[in-house]
Amino acid sequence: MIEQFLKPASVDEAIRLKSQYKDEAVFMAGGSKLNATPTRTDKKVAISLAGLGLNEIKEQGGQLHIGATVSLQQLIDDPRTPPALREAAGFIYSRNVRNQATLGGEMCARQEEAVLLPVLLAMEARVVFADGQVSELESFLDGVRNSSASLVIGVILPEPDRPCATRKIARSAAGLTVLSAAVALNGEVQRIAIEGVVPRAVRLREVEKKGLAEVPLELAVSEAVAPRDDVRGSVAYKRYIAGVVVADLLADLLADRQQMTKEK
Amino acid sequence: MNMTPIQCTINGQAREFQVDPRTSLLELLRSQGLTSVKQACAVGECGACTVLIDGTPIDTCIYLAVWANGKTIRSAEGEVRDGVISSVQQAYVDTGAVQCGFCTPGLVMTTTALVEKYRGQQLCRDTIRRELAGNLCRCTGYEKVIDAVLASVDNKPGCNGQGGCGRCEDE
């Protein structure tokens, strides 16, 4: 239960406050999760990230730098956002929530549904920390650096123009997510990421290495995931749909590439 | 508990409060008699608590009152000017977009933002559906709501038919 709301004016001050209050404090940006009833924070001190200037999107040396407090709607509205990331932001169906929820929050919340992560993983996003260190998103998700101690200030997409496609499966736009997946092409090399049918969002590296397509890819993905039987669907259904979605995404990317080659 | 002073503008009136940091804007507004702001899901899913904060639709159930410092807040109550409901509110009445009415204030505020954003532009039903995603209604099936938005656009947004708002081309 929040008893103090602190508004630091700089990243350094935010870090200092976090060191001072330690586990009693939580960094807070849009609050779409920390203020929502089922996931409401039990921390006593909220450290606001609103005044830290982390809400900008910049192109630097061909890379896209996205601030941690950029809202999901801001991502959608910015023409520099890669189309697949824009689409993934739209998977969070509520525009009102998208006005509040931030990219950093989506990464740090470690929620069961993490529909933005497959695109970020397939695009090999890097996480930037307040101390200047940069880590692969996958390492961050592995918990190598904990976001409760070290402040995430942004994300770097090293190749924002990399072809990438994403899809979410749910019974309705507002329904529980069965899975979301993304496929990107780095030249001929596949990047495949998925969430919902695995304990946390992951790259399917073993599948990527095989360079498969169509039915063999469907089968390989179906075997690689580890879904649970729940209200969203049976294990058999989830394995099946995971394979189909990934194979379809790859087919879409290859078709787009073929079309572009023809047009050239 | 550390009470925090905030200053904001609510429906055109400058207001000052001392707020508990854990108070949501929803709780603050309702405590001020603005009961058009409905408490429903409390997780930011349904949009029944939507108000405009600096023109942007926000779910007040997940928005802390302390964040309202320096902001301009508009709720459905403030859309009534001199006893005359706004063109958006009138469009909801005219098209039959109101059934039980619980979601209507939130929908009216999101529609108001949408109409102001797309002023002078043609809107298709798909765009309206996308823009209203986040405001759930269990009664209408949404078709009448979309009709209301289209009617709002046709009615020159912001004009209450009485003149004086300065938005009409012929004023």
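Analyst: Happy to! Let's start with V66(B), which sits in the loop between β4 and β5 (72–74) of chain B; helices (H or I, at least four residues) and strands (E, at least two) are DSSP runs, numbered from the N terminus. This is a predicted model, in which local features need pLDDT of at least 70, side-chain atom pairs count only at pLDDT 80 or more, and totals for chains, interfaces and linings use all residues. Residues are numbered from 1 along each chain as its sequence is written, chains are lettered from A and ligands numbered from 1 in the order in which they are written, and side-chain values use heavy atoms, leaving out hydrogens and water.

V66(B) has a relative accessible area of 3%, so it counts as buried (under 20%; exposed is over 50%, partly exposed in between, with a 1.4 Å probe and protein chains only). Leaving aside residues up to four places away in sequence, V66(B) touches F5(A), as well as T4(B), I6(B), V19(B) and P21(B); contact means heavy atoms within 4.5 Å. Q89(B), by comparison, is 23 residues from V66(B) in sequence and 29 Å away in space, C-alpha to C-alpha.

β3 (residues 50–53) and β4 (residues 56–59) of chain B pair in the antiparallel sense over four bridges; pairing takes at least two DSSP bridges. L52(B) has P57(B) in β4(B) as its bridge partner. Two residues lie between the strands of this hairpin, where D54(B) takes a positive phi near 50 degrees.

Stepping back, chain B has five helices and five strands, and 49% of its 171 residues count as buried.
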